[in-house]
Amino acid sequence: MDKILEGLVSSSHPLPLKRVIVRKVVESAEHWLDEAQCEAMFDLTTRLILEGQDPFQRQVGHQVLEAYARYHRPEFESFFNKTFVLGLLQQGYHSLDRKDVAILDYIHNGLKLIMSCPSVLDLFSLLQVEVLRMVCERPEPQLCARLSDLLTDFVQCIPKGKLSVTFCQQLVRTIGHFQCVSTQEKELREYVSQVTKVSNLLQNIWKAEPSTLLPSLQEVFASISSTDTSFEPSVALASLVQHIPLQMITVLIRSLTTDPNVKDASMTQALCRMIDWLSWPLAQHVDTWVIALLKGLAAVQKFTILIDVTLLKIELVFNRLWFPLVRPGALAVLSHMLLSFQHSPEAFHLIVPHVVSLVHSFKSDGLPSSTAFLVQLTELIHCMMYHYSGFPDLYEPILEAIKDFPKPSEEKIKLILSQSAWTSQSNSLASCLSRLSGKSETGKTGLINLGNTCYMNSVIQALFMATDFRRQVLSLNLNGCNSLMKKLQHLFAFLAHTQREAYAPRVFFEASRPPWFTPRSQQDCSEYLRFLLDRLHEEEKILKVQSSHKPSESLGCNETSLQEVASKAAVLAESPCTSDGEKTLIEKMFGGKLRTHICCLNCRSTSQKVEAFTDLSLAFCPSSSVENLSFQDPASSASTQDGGLMQASVPGPSEEPGVYNPATAAFVCDSAMNERMLGSPSDEFCCTENTCVPSESSTILVNKDVPQKPGGGSTPSVTDLLNYFLAPEILTGDNQYYCENCASLQNAEKTMQITEEPEYLILTLLRFSYDQKYHVRRKILDNVSLPLVLELPVKRTTSFSSLSESWSIDVDFTDVSENLAKKLKPSGTEETCCSRLVPYLLSSVVVHSGISSESGHYYSYARNITGTESSYQMCHQSETLALASSQSHFLERNSPSAVIEQDLENKEMSKEWFLFNDSRVTFTSFQSVQKITSRFPKDTAYVLLYKKQNSTNGLSGNSSTSGLWVNGDPPLQKELMDAITKDNKLYLQEQELNARARALQAASASCSFRPNGFDDNDPPGSCGPTGGGGGGGFNTVGRLVF
């Protein structure tokens, strides 16, 4: 019969005829055959099954073998013995390799046929050993899946006892070696099915023998935590996660995170690979385990691992959102990673460029699942933008894209953020720098945040972008000098010429930080700016005195302490500067003069006084009439000096000498509109910036019944605040003026006039007011319109010219107890007034993001403006306008500058504005500057820098002797150039070393902490240190990368 069958399957007869004859052969199995005939038939059918040339031959072999084995079981039991099966497993069958899946299928069917025979027990014992050997040989997914089918049907073949643990561990390793090189959907589906069979086998073993679970999981962790770069574990290991009981999460995670034998590099690799598992389809609970491990690492304060993994994998997790099969898990992990990464915006800013395209894609498909997903994503994005406010250039496109989706309330955002933060992260993440690449496309250099130093960074960038000031600083010959100006020159030089993306200004920060500023805490940028300019001014005066007394000596100026500066400044008060040539650089660039005029309303006698200022502090106009308020003295808001730009005063008799605190002084002076009141003999100009605490009777406190909101419903402009600053004030009640002529307190009118304008006008908007009830400093969040062109009313007087030549006139702040009238010189002469409007162009804006002065974030907008630009000559038309009365000081909205402002704004599209945000520098536009508060209510303009136009300055006279100026900037001194060259070489070496390290460690095994500029870490809102997936099922499995 075997000969007939063999001839039949190889003949050329029609297939239907063959089938009929095969049926006859199968029916003949019922008849008796001797042992030799049975063995011949078993041998033939085995050969057809394993070596059949076509499916028909293999099918015939299965049918005939099954029929003859059923009716001739003893003979088949004798044929299908241990020796035969062992030979198949170890040597194969003729030309068939032992690892061919057909052999396992044949053995699987043979076991079914002799299941009731006693000899099957011997086969079970044999297979328990052989399957372990096979698994140790790392079979391919297809063979391993067939082996899993066999072991699932015949659990008796699974190794027992200790071998069971070994088998599970080896099976885990085998899964770790699985790979699928095909990208075709059919092959990918088959691959997923094969892996699923193997993982189901492990699940069954774990259930049957619980003692095998923990060793298996240990083997999983050993595979994914391996730092061997020659082996990358398969993402197929993700299929095991769904079979791990969730009840074990707490115990397992605690064990992993506290095990001292687990190195940080291994943990980093393990976590990265677990995150890669998010791309595995159909695997459940992967996101649960990833989040649990992230939380476990945070609990043991292993923040370096968390930071490195987050920055490395956040973009991959975001990209998983495109695929419906894995989207829910990916969104859960993305939300946790972003919300917990609260010390720096770097992780969020890595995905920001991809948000808009994702949102637009899901909005266009219109599926309900897509809409629900976008609602969740939008809530997450709003939380992150709230926490990292201060990046309008990045967020505006996103806000436009998600504007149709609901925005969570501020309370909900705060709750989400507070529940997600890592514990104690602010204490553990100090003094780390970012891995920086080359400069941004702007060509500008950022400043690394050294820990709540954004107040300094924003001010320095604004000063650097003050072109004329920068050029003067860079052109100074300060060789051998160790002054603060030298350090500023060094900083400016590096900002202009370094190849780094961002520079760390540590030396300058330590030298320029006011002594009462607490390190690593948020400070007032306006207070810092005044202190910095005053230090530079006083220092230069001292150097001039040393130079004049010792002309033969070079300026070997060692760094001077604050006490030495103050003592030597007193000497200079005896001989104030009397000519422009003797002015300091700060006086030339930022110095102006302000005249205060007081007229007694009883006898009409007048007194006047001239003060120098470097900035004007503009208060917000009260909503009620001026007569109903204790009117602020605007003159007192200007920074004053005695032989200098800002002078520290001594507390008067009405003050407690023992309670002076510079920080408190700054707090009260700013919040009380920076005022100095006029009144009783003991009330004088008693508060200079940052130096004294006004007495209770002389301080304007915020009254909640009088909102600090400009009158009328419209948005006030800087022009309105300047008008309010220069408005006449009636001194009545407690603020009455002591008239020397009347020898008594009298009502008086006080007016102020700017008699000399600065090259750069610094305006500070007094946004921080003092709440007397709660004793806190609150922020005024009112929007203020920023004019591109500002006209400053300047009034010169000929009779006062002799006085105005002196930088400070009749001012002696060391004698604050004298009568005010003794300090104001009566005016008995006629004055010839020469009034004009001086045009200024907006140069830079320092923005404060936040709701209080003690927290928040500073950043600045700025552009390059030189002093001789001709494109704004139309502004000069306003200079000849006559001003008929004291009211004529006010700037009208219909002034000539307003007429041309729209044209200037249109031209801004071709002019470059920059946004400086610590280490990040980007292009922006004037429209972004104007709309900042309307788009981001917590972000408000705070310090403005305006540049006077149509002036030749007379400050570049030394340019002819300084050699060729490159791009308008002077050539650097050799000492500076050498330092920059050295640092640039060092930077290139660092880049090369980093490239070599990445090549050697392709898997990024090392943990390196790299927050972007280490932004400040204050509360939320502070500077905490830039294709659609429609369908379901397997429709998108082909787009997954395994």
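**View 1. Cysteine C454.** C454 has a relative accessible area of 0% and is therefore buried (buried: under 20% relative accessible area; exposed: over 50%; partly exposed: in between; 1.4 Å probe, protein chains only). C600 is in no disulfide, and the nearest cysteine sulfur, that of C603, lies 3.8 Å away. A disulfide here is a pair of cysteine sulfur atoms within 2.5 Å. By this rule, the count of disulfides is zero. C600 is also buried, at 0% relative accessibility. The model is predicted: local features need pLDDT of at least 70 and side-chain atom pairs count only at pLDDT 80 or more, while totals for chains, interfaces and linings use all residues. Residues are numbered from 1 along each chain as its sequence is written, and side-chain values use heavy atoms, with hydrogens and water left out.

**View 2. Strand β17, residues 913-917**. Five of the five residues of β17 are buried, so the strand is largely enclosed by the rest of the structure. Strands (E, at least two residues) are DSSP runs, as are helices (H or I, at least four), numbered from the N terminus. W913, L915 and N917 point one way from β17, and F914 and F916 point the other way.

**View 3. Partners of β17.** Strand β16 (residues 857-862) runs antiparallel to β17 and is joined to it by three bridges; two strands pair if DSSP finds at least two bridges between them. A862 stands opposite F914. Strand β18 (residues 920-924) pairs with β17 in the antiparallel sense over five bridges, with W913 opposite T924.

**View 4. The hairpin of β17 and β18**. Two residues lie between the strands, and D918 takes a positive phi near 55°.
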